Amino acid sequence: MKKNQGLVQVYTGNGKGKTTAAFGAALRMIGCGQRVGIVQFFKAPARESACRAFRKFGNKVRVWSFGGGFTWQAARETNAKAVAAAWAQCKKLLRDPRYPLVIFDEIHIALKYKFLETSEIVNVLKKRRAAKHVILTGRGAPAALLKVADLVTEMKCVRHPFREGVPARRGIEF
Ligand code: ATP
Ligand code: MG
């Protein structure tokens, strides 16, 4: 692999830390003066506090969010439309030389529920600009995607306070 070749990184598994790891990677890119593009699948704009923080970096980072809060209660068609719009934005970012790092947050969920074909994603990733880094997050990444990724990290849940009835907290979970 060439030194300046972009990487496909997959963060998956049931443990906490996939999205936070991706956002940490974003911070590093911003820190060295590079731009980051983030596409959030199944997320309402501005729910994530990290995105509010990202706004302070001006045009160094842009976030596109697709979806409402209660995704699984929404009609399949509503989700399908949001996923199609999110995926269109992903493809645009993969062609855009201004963003050396792009993050597709929770894209694996779109694959798991068959809103998107894994083969389509794999094909598009293969044709991306050579220097482009891509981070894909979400539980249950499909095997075909793991096969083409340069880096795969599986977050393993050892313990999570949710099991003790502790609800999601602002500043920690979102
Ligand atoms: P985070 O955004 O905190 O890095 P994540 O991206 O790894 O988490 P997701 O699969 O996106 O996790 O989970 C969605 C929500 O569930 C987040 O609020 C996350 O913090 C929380 N969560 C993650 N892992 C667990 C777990 N093992 N049990 C319960 N809740 C979890
Ligand atoms: Mg996540």
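Let's start with the aromatic pairs: there are 4 of them in this predicted model, where rings of Phe, Tyr and Trp (its six-membered ring) pair if their centres lie within 6.5 Å. F23 and F54 have ring centres 5.3 Å apart and planes at 80 degrees, so they count as edge-to-face (over 60 degrees; under 30 is stacked, and the rest are tilted). F23 belongs to helix 1 (residues 18-31) and F54 to helix 2 (residues 49-54), so this pair, 31 residues apart, links distant parts of the chain (helices are DSSP runs of H or I, at least four residues, numbered from the N terminus).

Now for ligand 1. It has 13 residues around it, and K16, K18, T19, T20 and E106 are the closest (a heavy atom within 4 Å counts). Sorted by class, that shell holds 2 nonpolar, 6 polar and 5 charged residues.

Here are some polar contacts (N or O atoms within 3.5 Å):

| Residue and part | Ligand 1 atom | Distance |
|---|---|---|
| N14, backbone N or O | nitrogen | 2.9 Å |
| T19, polar side-chain atom | oxygen | 2.9 Å |
| R139, side-chain N or O | oxygen | 2.9 Å |

How much of ligand 1 does the protein bury? On its own ligand 1 exposes 570 Å², and the protein buries 81% of that (Shrake-Rupley method, 1.4 Å probe).

A note on reading all this: residues are numbered from 1 along each chain as written, while chains are lettered from A and ligands numbered from 1 in written order. Local features need pLDDT of at least 70 and side-chain atom pairs 80 or more, whereas totals for chains, interfaces and linings use all residues, and side-chain values use heavy atoms, leaving out hydrogens and water.

Note on methods: A polar contact is a pair of N or O atoms within 3.5 Å; within protein, one must be able to donate a hydrogen and the other to accept it, and residues adjacent in sequence count only if both atoms are side-chain atoms. Ala, Val, Leu, Ile, Met, Phe, Trp, Tyr, Cys and Pro count as nonpolar, Asp, Glu, Lys and Arg as charged, and the others, Gly among them, as polar. Helices (H or I, at least four residues) and strands (E, at least two) are DSSP runs, numbered from the N terminus.
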